[in-house]
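Subject: Structure handover

Hello,

Here is the structure I said I would pass on. Please open it first, then read the notes below with it on the screen.

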Amino acid sequence: MRLRSRVIVTPLTIIALGLAACSTPTASAPANGSADAGASAPPETGTVTIYSGRSEELVGPLLEQFSEATGIEVEARYGDTAEMATLILTEGENSPADVFFAQDAGALGAVAEQGLLTALPNEILDQVDERFRSPTGEWVGVSGRARVVVYNTETLSEADLPDSIFGFTDPEWSGRIGWAPTNGSFQSFVTALREIEGEDRAREWLEGIEANDPSVYEGNNPALDAVIAGEVDVAFINHYYLMQRLVEDPDAPAANYFVTDGDPGALVNVAGAGILDTSENSEAARELVEYLLSTEAQEYFATETKEYPLLEGVEPDGDLPSLEEIGTPEIDLSDLSDLDGTLELLQDVGIL
Amino acid sequence: METVAPPTAAARSASRTPAPPAWLIGAGVLVALLGLLPIGYLLVLAGSSEDALSLVLRDRTVGVLGRTLLLAATVTSASVLIGVPMAWLTTRSDLPGRRWWTILGILPLVVPSYVGGYAVVAAFGPRGALQSLLEPFGVTRLPELYGFPGAALALTLFSFPYVVLSVRGALLRMDPAYEEVSRSLGRGPWRTFFTVTVPQLRPAITAGALLVALYSLADFGAVSLLQFDSFTRAIYVQYRASFDPTLAAVLALMLVACTAGVLLAEARLRGRARYHRSGAGASRPAATVHLGAWRWPALAYCAMVVGLAVAVPIGTIGYWFIRGIGAGEPLTLVLDATLNSVLASGLAALLAVLASIPVAVLAVRHRGMLAATLERATYAGFALPGIVIGLAFVFVAARYLPWMYQTLPLLLVAYLVRFVPEAVGITRASLLQVSPRIEEVARTLGRPPSAVLREVTLPIIRPGLMAGGALVFLTAMKELPTTILLAPTGFDTLAVRIWSATSEGFFARAAAPALLMVIVAALSLGFVLRQERDR
């Protein structure tokens with residue numbers, strides 16, 4: 001029996017050691033590791049703590065580049081955007097965070113509303129189109145995320161899709177739609193819908209879709225999975241999920257459809273950043289936010305996360321339509337923090 | 001054959017309750033207070049809410065609550081039905097490859113529900129792997145998985161090992177004398193199993209079932225991926241949508257009330273029986289049952305359970321892995337995260353086992369209101385969603401203990417609150433099988449109570465302590481929400497890695513940490529089982 005247990009344990013140990021040790025560094029980390037960062041004698045030092053509602057997979061390599069370029073050490077805490085916002089709100093005045101990097105404008109709005117963010121200097125704010133930053137200057141958009149209709153290319157072509165998202169309330173779409181009503185991006189979109197079209201039209205749209213018996217998914221990726229698998233024909237998600245999936249799975253039978261002409265379905269939300277009012281490292285924090293808007297970082301977002309860069313002169317990846325072509329509806333993204341009303345509406349219609 | 005009295009009757013007559021030493025009470029109270037801390041936080045928050053009552057009384061809230069309780073009841077029954085035979089086969093029979101089946105029967109515990117949920121959808125979804133296998137037979141769509149059936153399936157598959165682990169410990173320690181008497185008095189093996197073995201297993205089964213029930217109340221990953229509208233999901237929706245924890249706190253308090261209900265039900269089921277021999281003599285290991293031709297259905301049964309609960313998730317992870325390598329995705333560096341996971345979960349396991357000892361000793365050896373209250377209080381943390389526990393500690397530590405905030409010790413305390421019931425249940429069930437006479441003998445020989453505990457009681461229940469530690473280790477390793485909120489900044493664990501990758505849709509990058517987590521879990525189980533046998 002002794003022997004038997006070794007037979008089990010040994011191969012497992014070997015595999016484990018193999019997996020742990022023979023791994024290579026993260027995809028886009030710069031080739032010259034942090035080893036020679038010290039040699040180039042960074043001009044400034046200090047530490048900045050960032051709470052990131054965007055994952056380490058995305059943000060980690062960028063923060064490493066920042067540290068290398070500036071000599072400022074970055075301590076990063078990663079989590080879901082809403083969790084990080086709730087964390088900051090719970091910590092209140094005692095938050096160790098200097099910078100909050102959020103996946104959507106609503107979360108930044110909620111933290112700003114409690115007076116926990118400080119106003120950013122104009123030289124940062126002015127780099128970004130005013131549609132994509134706080135009108136009161138407490139946060140700035142870093143990358144753009146467009147709402148799209150993703151469809152299965154085996155069953156549909158773009159010509160089959162309606163011009164407006166209101167077209168999907170037609171009974172011909174019954175049983176063919178997927179959505180993720182608990183998802184933050186979806187809820188931001190509904191908030192925008194309420195702002196742009198009014199409560200009644202928003203309710204009309206939600207009831208129309210609900211009448212078509214949509215399949216409910218936990219998030220954008222499961223909804224995308226369902227479109228690729230043919231469980232549903234279309235789903236309402238953000239544009240970059242499919243583009244990222246195509247990197248792993250180039251043959252996935254799905255395509256993005258952008259509704260245009262100021263339709264609420266063309267909402268472009270942002271991931272953005274703000275500096276905490278209680279920050280004791282505000283200088284380093286400001287440098288970090290500036291870095292997120294540098295050409296280098298903006299190109300990183302374009303190629304790595306497939307989002308829209310918001311800095312003038314940096315082009316989006318691939319064959320994405322430009323932000324001007326999409327013609328995103330007129331809306332103050334800060335208002336997207338009014339999720340309470342959206343939640344109430346969704347619950348009232350029976351979706352949540 | 002010196003003891004033939006049914007254990008319950010013997011135990012009642014032998015009942016006497018010496019006053020517990022003060023240090024024991026002190027330690028028990030401390031553990032219980034930690035467990036109650038999140039509830040205190042919830043009460044503070046909910047007290048500041050004006051809409052609390054309207055939220056509680058809303059039709060929808062009541063409906064969700066009912067559905068959640070039904071789910072918990074279903075998952076618990078299914079887990080007992082799956083887990084008890086599995087535990088019996090791997091401890092008492094000559095099932096071929098018992099060791100393997102033992103590890104494989106416990107391993108599903110380490111599958112994080114946010115990975116398991118994906119796996120169940122990928123395998124059994126309307127257009128999942130099973131459907132493509134059946135495609136040639138004209139099956140274009142499987143019956144609806146999303147909602148109750150899917151959530152019940154996923155939760156059962158990844159929580160039935162609670163029952164296996166708890167019951168197998170009891171079977172190993174059980175005095176076979178009663179079964180032998182039953183057989184010698186002419187009862188057949190099946191009747192003996194149901195009338196003698198199962199009643200003796202009752203504390204272990206209820207301990208395991210309790211964990212399953214509370215786990216299914218608190219789980220978020222599986223229910224959300226399988227689109228079942230459970231209470232925990234409602235709590236998360238409230239957090240995410242309003243960035244306002246007060247209404248979420250009201251909902252969480254309702255979950256606490258459910259937990260109290262489950263604990264009461266468990267107390268009734270548990271009864272007041274003791275399960276050690278009342279006379280003189282020591283028990284010896286039970287004889288191995290020869291399965292004969294039954295081994296084939298037994299093997300098929302184990303293969304089916306393990307296939308669903310282990311092969312499906314590992315297959316899904318493997319598919320991510322292969323698809324990622326095919327697309328030229330490099331493996332991500334996970335050595336640090338592995339060490340962090342092992343360190344944090346290992347320390348959490350040690351702490352939880354230590355903390356479970358005073359609580360269990362009080363509950364078993366010094367019955368009464370105080371002991372019962374302390375024991376129940378430790379369960380408070382287990383049924384609460386991790387985010388609630390995490391925020392409670394954020395609230396307290398950021399304000400009052402800034403020097404401890406976002407440090408490893410604080411994370412360990414939060415783990416302790418979340419997972420100590422896993423250890424308490426098993427330690428308690430083990431103690432029930434130890435006769436107090438052994439301790440009394442040591443006392444009469446002049447040893448103080450603390451020395452008796454250390455030198456006599458704990459060595460006897462060591463397998464139970466090891467099993468409890470293993471349970472905490474496995475579940476702490478997959479813990480996510482508290483880790484995200486409370487870990488020292490930059491302290492990555494495998495679970496955080498997996499989540500971070502899957503949340504962005506980088507499934508290939510999630511594969512290596514996920515496989516490592518399963519392998520580390522298997523290794524630790526192998527280690528624990530070996531200790532058990534070396535005794």
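Please start with a helix in chain A. In helix α9 (residues 239–248) of chain A, the buried residues are H239(A), Y240(A), Y241(A), L242(A) and R245(A). These buried residues of α9(A) pack against β5 (140–152), α8 (220–229), β8 (234–238), β9 (254–257) and α11 (295–305) of chain A. Two of those strands, β5(A) and β8(A), come up again below.

Before that, a word on confidence. The model is predicted. The predictor gives the complex an ipTM of 0.82 and a pTM of 0.84. The mean pLDDT of chain A is 84, and 87% of its residues score at least 70. Residues 1–9 of chain A stay under 50, and the model has 9 contacts beyond four places in sequence for them. Residues 21–43 of chain A are also below 50 in pLDDT, with 27 contacts beyond near neighbours in sequence.

For chain B, the mean pLDDT is 84, and 90% of the residues reach 70 or more. Among the elements of chain B, helix α16 (residues 335–365) has the highest mean pLDDT (93), and helix α1 (residues 7–13) has the lowest (43). Over residues 1–15 of chain B the pLDDT is below 50, and this stretch has 22 contacts beyond near neighbours in sequence.

Chain A as a whole

Chain A has 13 helices and 11 strands. Of its 352 residues, 51% are buried. Among contacts in chain A between residues at least 6 apart in sequence, 78% join residues at least 24 apart.

Where they meet, 14 residues of domain 1 of chain A are in contact with 11 residues of domain 2 of chain A. On the domain 1 side, the elements that give two or more residues are α3 (81–91) and β10 (268–276) of chain A. β10(A) gives the most, with 4 residues. The residues on this side of domain 1 divide into 5 nonpolar, 6 polar and 3 charged.

The strands around β5(A)

How many residues of β5(A) are buried? The count is 13 of its 13 residues, and the strand is mostly covered. Its pairings are as follows:

- β5(A) and β10(A) pair in the antiparallel sense over 6 bridges; A146(A) stands opposite V268(A) in β10(A).
- β5(A) and β8(A) run antiparallel and are joined by 5 bridges. In β8(A), R147(A) has N238(A) as its bridge partner, and V149(A) has F236(A).
- β5(A) and β9(A) run antiparallel and are joined by 4 bridges; the partner of N152(A) in β9(A) is A254(A).
- β5(A) and strand β11 (residues 308–309) of chain A pair in the antiparallel sense over 2 bridges; G144(A) stands opposite Y308(A) in β11(A).

Now take β8(A) by itself. Why is it described as largely enclosed by the rest of the structure? The reason is that 5 of the 5 residues of β8(A) are buried. I177(A) stands opposite V234(A) in β8(A).

The core

The largest nonpolar core has 287 residues, and within it F100(A) and A235(A) touch the most other members. Helix α25 (residues 507–534) of chain B supplies the largest share, 16 residues. Domain 1 and domain 2 of chain A each give this core at least three residues. Leaving aside neighbours within four places in sequence, A235(A) is in contact with V150(A), I177(A), G178(A), W179(A), A223(A), L224(A), A226(A) and V227(A).

One residue in chain B

D59(B) lies in helix α4 (residues 59–92) of chain B. Is D59(B) buried or exposed? D59(B) counts as exposed because it has 7 C-beta neighbours inside 10 Å, and the cut-off for exposed is 12 or fewer. D59(B) and S166(B) are 107 residues apart in sequence and 38 Å apart in space, C-alpha to C-alpha.

Regards

Conventions. Residues numbered from 1 in each chain as written. Chains lettered and ligands numbered in written order. Predicted model: local features only at pLDDT ≥ 70, side-chain atom pairs only at ≥ 80, totals over all residues. Contact = placed C-beta atoms within 7 Å. Nonpolar A, V, L, I, M, F, W, Y, C, P; charged D, E, K, R; others polar. Buried ≥ 20, exposed ≤ 12 C-beta atoms within 10 Å, placed from the backbone. Core = buried A, V, L, I, M, F, W, Y, C linked by C-beta atoms within 7 Å. Domains from an automatic or database assignment. Pairing = 2+ DSSP bridges. pLDDT = per-residue confidence, 0-100.
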